[in-house]
Every structure is written in C-alpha cells, then in structure tokens.
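Student: Hey, can we go through this protein together? I'd like to start with the charged pairs.

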Amino acid sequence: MLPDDFLARLKAHTTSFANAVETNEGEWIIKGFIDIYRRIYTISVDTKITSKVLDLLLFPMFVEFAKINGLRIELSPHQNFYPDLTFVHDDSGCKFAVDIKSTYRTDDSNVNGMTLGAFTGYFQKRDSNKNTLYPYEQYSGHFVIGVIYSKCDDVIDERKVFKLDDLEQIPSVIKDFHFFAQSKYRLASWRPGSGNTKNIGSVTRIDQLIGGTGPFEKLGEEVYDDYWMFYLTGDMAKALEIVRPYTNLKSYLDYKQRGVDTLREHKEEIRSATTARKMEKMPDEHPSVGTPNQMPRNKDKTCWGYSPTRDRPGVYPVGRAILRFLCCGPQSAASEGVAERFK
C-alpha cells in the first residue's frame, strides 16, 4: 500500500467520524463524568481534556478502518511517544504514522492552531527509537487526523453537579465538529507551535488545514524536513552560542542562497570531494561551539557546510536538497520550489 492510497482511504473513513461524537444537533455526545452515586460532573472545556476524550471516542473507528483495509494497528507504549497510532500493512511491510490533533475555532475562518510534534529528538535522529514506536525513517508516511470544533464557553458552570435524570438538560461544552485527514507536512507552518516550544506549529486558517495548503504544500516534504530538522529556537541558539541561521521561510531562503554563486563555480571540486570522501566525517575535524557531533545526521546523505558563529567559524548542516541546489542549479525540484515561492 502506497502513502497516497493510505491517505485516500483515511480521508474517506473520516466522513463517518462525526456520527461517533455528536448528536443530530451537532452537539458533543459527552456531557460529563459520572460517579457510582449517579452524579454527573460537567466536563471542562480545557483542550487537554477534550482531546483525550475525543481520542477515546474515535479509537473504535480506527480499529474498524484497520480491519476494512487489511491493516494492523499498534499503539504507542507511552503517552509522549510518537505517533498516536501506527498502521502496518503486512503484505507490503509499510508503516503509516497517524497523530490525532484537535483545535477550536476562534472565528468562522480561523482556529487556535495545532502542534504537529517535536522538531528535535526522533525528528532529527531518524534512525533512533527514542520516544517513538518505530524510528521516524521507517514510516512510509506521516499523517494527521484533524478535529475542528467550536467551544461553548458561555453555557457551562463547572461547579454544578447534575443528577442522571437531568442528562438531557446538561449542555455540551463543544459542538460543530469537522474532521479531516492530511499529510503532516502540508499542515505545517514555518513557526513553532507556541512561544519558544520545540514543536512544529500548524497553519491556522481553516481552509488551509482542510485542504492541506500550508506553506510547505508546494515546497514539498523534502524542504519541510530540511527546514524543521535544522530549525533553532532562540534558547537553542543561545545554548550553542550561535546566531540563529533563519527564523522563517524568507530568512531560510536567504540562508540557503548565501554563497551559492561561489559554490556553483566550484561545483566540480565539490562533487569530487564528495565522491572521494564521506562528508559525514568532516565535522570531527572541525570542532566548534555547538559541536556538529551533537547535531542531527540523516541517512539520506545529509552533508555539512559552513556557517559563521559570533566569534569563529562553525559547522552547520546543509540538507541534501539544498546541496543539490548549490551544486546542480535550480533544476532541483525542491530547491526550485523554495526560490519560486519568493520571487
């Protein structure tokens, strides 16, 4: 099973998700928590609580999806592991990562936003098992099941306790659900999730989320990977005692084009050097503040380039897509996409 086929099937299945969580009037079917004395405590609108309850409600739907499509479903052993769900197609051996993400509307066109997972750890070290069920590189595709809903802040009193006989009078805290499925990179923004967090942030326009038309949609997953694998927050750069190489897509483009003309003039020497010697050994010979040994390496022949620090030269990684752009010119699809985006 190919990733596009998996996503198409997942999208088709999400059309039935709303029936599992809302009434005919569009209200959430969950009213609160009940104790053994048949007292009902209203549920909070806190996003962590609503997200967890939604996960529990949707799980039977995912089990059904796996059964229909000849997939095996595996759960992460710990709460902070990636992904929420792993679908395995035994015939092909393909694994598909699915995270469940929810967010609420701030107006008719926008939502509060989602965090799409860490850009450190397993995202950088893609052959690592740390905090992930399988190494990131073993997944054939990375997807998100998104849930958009509206909050009902003005109808609930969390201090009030109801009787079971009052069930129909208890207001729902969220309503008007919309479910969608997309590849993760198509939902990503160029900003972290919030503040100085080390999580990838999503776009916040509803039409971009549903349509998967975030800024990386046209740039492609290769540029998305390169951007976020080497992104530094302010605190990360401060700890390494270096200047942040980029903070958004515009400065990312400027950073990647720095010195490009000179490099193109010497592209044959670069190619020869790459062939003659494995580039991943170079950082060991060029120690600097923020040692490259601590920086991520990618098995798809990520190599190393140079970037100045505040007081002396340092070594900073340059992704495969950008090296191809530097050496071979803008005919590289991924690099051409970055340049085209900012003409």
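**Salt bridges and a buried serine**

Tutor: A search of the whole structure finds 12 salt bridges, each being a side-chain nitrogen of Lys or Arg within 4 Å of a carboxyl oxygen of Asp or Glu. This is a predicted model, where local features need pLDDT of at least 70, side-chain atom pairs count only at pLDDT 80 or more, and totals for chains, interfaces and linings use all residues. Residues are numbered from 1 along each chain as its sequence is written, and side-chain values use heavy atoms, leaving out hydrogens and water.

Student: Which residues does arginine 72 pair with?

Tutor: Glutamate 74, with the closest N and O atoms 2.4 Å apart, and aspartate 90, at 2.7 Å, N to O. Aspartate 90 sits in the loop between β4 (85-89) and β5 (94-104), and arginine 72 in strand β3 (residues 72-75), so this pair ties together parts 18 residues apart in sequence. Strands here are DSSP runs of E, at least two residues, numbered from the N terminus. Shared partners join Arg72, Glu74 and Asp90 into one network.

Student: Is glutamate 74 buried or exposed?

Tutor: Glutamate 74 counts as buried because its relative accessibility is 16%; buried means under 20% relative accessible area, exposed over 50%, partly exposed in between (1.4 Å probe, protein chains only).

Student: New topic: where's serine 202?

Tutor: In strand β11 (residues 199-202). Serine 202 is buried, at 5% relative accessible area. A polar atom of the serine 202 side chain lies 2.9 Å from the backbone nitrogen of methionine 114.

Conventions: Helix = DSSP H or I, 4+ residues; strand = E, 2+ residues; numbered from the N terminus. Polar contact = N/O pair within 3.5 Å; in protein donor to acceptor, adjacent residues only side chain to side chain.
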